[in-house]
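Me: I have this model open and would like to learn how to read it. Could you walk me through a few features, one at a time?

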Amino acid sequence: MFKKVLDYTGVYRKTTYAAAAVLLAGTACSVLPFWFVYQIIRPLLLRQSISVGTMAWLVAAIAVCTVLHGLLYVKGLSLSHKAAYHTLENVRVSLQRKLEKQPLGSIQEKGVGVIKKMFIDDIESIELLLAHALPEGIANLSVPVFVFIAMFVVDWKLALLSLCSLPIGLLAMGMMYKSGMSKMGAYYGAAQKMNNTIVEYINGMEVVKVFNRDGESYHRFETDIKSYRDFTLDWFRVCWPWMALYTSVLPCVVLFTLPIGSLLVWNGICTLTDLTLILCMSFGIGAPLVRAVGFISTMPQINFKLGALEDLMSTPSLQQTDQPFTGKHREIAFQDVHFAYNEEEVLHGVSLSVPEGSLTALVGESGSGKSTLAKLLVHFYDVTGGSIQIGGQDLREMSLEALNNQISYVAQEQFLFNISLLENIRLGKLDATDEEVIRAAEKAQCGEFLSRLEHGIYTMAGDSGKQLSGGERQRISLARAILKNAPIVVLDEATAFMDPENEEKMNEAIAEVIREKTVIVIAHRLHSIVNADQICVLDHGNVADIGTHEELLTRCPEYQKLWEAAEGSAQWKVSTEKGAEPV
């Protein structure tokens with residue numbers, strides 16, 4: 001475990017070792033005063049005189065050791081924390097790099113709460129290991145070991161008596177570990193579930209209020225929090241008795257030494273001076289022993305968190321290379337594509353060719369695989385079978401950056417950062433000038449709502465873009481795509497927030513995005529894609545048919561069903577006339 005963490009210390013590994021050495025010296029200074037105390041007591045036991053000068057020297061030595069203990073401990077902790085927080089930086093950067101290489105879909109499946117807990121809480125717990133458990137643990141364990149060796153040199157019988165409390169304390173600690181580890185998985189599982197529930201509860205507050213689901217939503221919120229509380233208390237309830245036992249017995253090194261050692265002295269088996277020296281040494285190592293064992297007790301927790309962190313990091317990376325895009329054209333080919341979510345296959349050998357410069361629509365009922373196919377094209381996941389090629393080059397044979405330069409992906413809900421709208425659009429092309437960004441916003445028909453904002457395009461978007469409506473956020477995302485000007489455009493329900501008043505503006509914005517591009521459109525509104533060059537009908541992860549609107553109407557039952565539903569919804573309306581039948 002230590003090696004795994006030390007691998008992340010980098011150039012600060014020497015600082016960690018230096019911290020351990022300084023803390024070792026500081027701990028030794030906390031024990032030395034007991035040796036000097038013995039030097040004061042020994043002449044009294046032997047009925048020998050001791051000069052005032054010697055006494056003053058011994059008292060001064062005790063004072064110096066006490067001051068040195070404080071100074072060295074502060075310096076050691078300063079070094080250990082410096083190394084620890086640089087190591088935490090390295091761990092977070094390493095995790096971020098590994099996450100960047102993992103399938104975006106897999107990251108989303110983990111949930112915001114779990115990722116947050118990993119990045120903040122669990123990594124922060126490693127600080128305890130690096131700044132305290134490792135350097136302090138080594139120091140507080142090494143000094144008692146050295147003192148016990150010295151005890152055996154003085155009198156092996158009394159030294160054995162001093163060791164008698166250790167098996168009892170270690171047995172109690174072992175029982176605590178055994179009991180605690182059995183419940184640790186459930187405890188951390190409850191913590192992760194609570195984190196996800198809290199994030200979901202806050203993000204979904206608007207829906208909860210609008211649909212009066214406060215009771216139901218709060219009940220789940222309350223249940224998960226109480227579950228975490230109960231798991232925590234249950235875990236502690238098992239550990240506390242054993243913890244109380246070992247923290248009481250371990251520091252009491254004189255538990256057997258004082259009574260039995262006195263009996264040995266009384267019978268002439270040991271000397272009083274040796275017993276006094278052993279007792280002084282025992283009093284000196286009690287506190288370091290408790291601190292060392294206290295850090296050891298955190299090891300199972302840290303080990304569990306490190307294991308969870310490594311599991312997160314060990315998710316297979318996306319299959320990609322560092323090669324640029326080398327395709328000779330922008331034709332897209334899905335060849336016998338298979339894909340499974342959690343071992344359940346949702347695409348069963350999809351084959352589809354999208355000619356360069358054409359507009360292809362993917363249609364089908366919910367769950368038919370339309371969005372999954374689009375996400376595979378932008379490499380959210382790796383296919384589990386078959387291949388996807390652009391210009392004859394497999395997606396897995398180019399870098400993700402090279403692929404992203406070829407594709408603009410406009411999803412149903414686009415995330416806006418809490419920065420200005422101008423900077424949100426500039427994400428499409430980071431080196432774009434303000435004038436280029438403004439032109440892209442105009443082409444995306446953003447002018448109408450930007451003119452209503454006090455600061456126009458320089459207005460802050462708010463958390464997750466909450467300052468704008470869904471349709472306005474959609475047009476900002478279209479402006480990004482226009483600015484990016486990639487040769488391939490994927491529109492995944494890009495008209496989801498279209499309303500009658502803005503339908504014309506949205507259509508103009510989309511027309512600007514797809515001009516002279518290879519386009520794949522996913523839409524439930526079939527009337528918007530009747531002029532597509534080809535329409536691919538998906539049915540439960542299979543290709544039912546491919547053709548134009550007219551061709552599919554004549555030969556494809558699945559498309560005919562979708563069209564009839566679209567025609568029916570287009571004629572649907574709510575009547576408010578008196579006597580009208582309820583809809």
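Reply: Gladly! Let's begin with accessibility: buried means under 20% relative accessible area, exposed over 50%, and partly exposed in between (1.4 Å probe, protein chains only). This is a predicted model, where local features need pLDDT of at least 70 and side-chain atom pairs count only at pLDDT 80 or more, while totals for chains, interfaces and linings use all residues. Residues are numbered from 1 along each chain as its sequence is written, and side-chain values use heavy atoms, with hydrogens and water left out.

Me: Is His540 buried or exposed?

Reply: His540 counts as exposed, because its relative accessibility is 56%. You'll find His540 in the loop between strand E9 (534-539) and strand E10 (542-547); strands (E, at least two residues) and helices (H or I, at least four) are DSSP runs, numbered from the N terminus.

Me: What should I look for in phi?

Reply: Most residues other than glycine have a negative phi. Here, His540 has a positive phi of about 55° although it is not a glycine. Gln445, also not a glycine, has a positive phi of about 60°. Gln445 sits in the loop between helix H16 (434-443) and helix H17 (447-450), and counts as partly exposed at 21% relative accessibility.

Me: Why is helix H13 described as largely enclosed?

Reply: In H13 (residues 370-377), 6 of the 8 residues are buried, so the rest of the structure largely encloses this helix. The buried residues are Lys370, Thr372, Leu373, Ala374, Leu376 and Leu377. Just after H13, His379 takes a positive phi of about 65°.

Me: And the nonpolar core?

Reply: A nonpolar core is a set of buried Ala, Val, Leu, Ile, Met, Phe, Trp, Tyr and Cys residues joined through side-chain atoms within 4.5 Å. The largest one has 44 residues, and Ile529 and Tyr559 have the most contacts inside it. Helix H18 (residues 470-484) supplies the largest share of this core, 6 residues. Leaving aside neighbours within four places in sequence, Ile529 is in contact with Ala361, Val363, Val521, Ala523, Ile535 and Tyr559.

Methods: Contact = heavy atoms within 4.5 Å.
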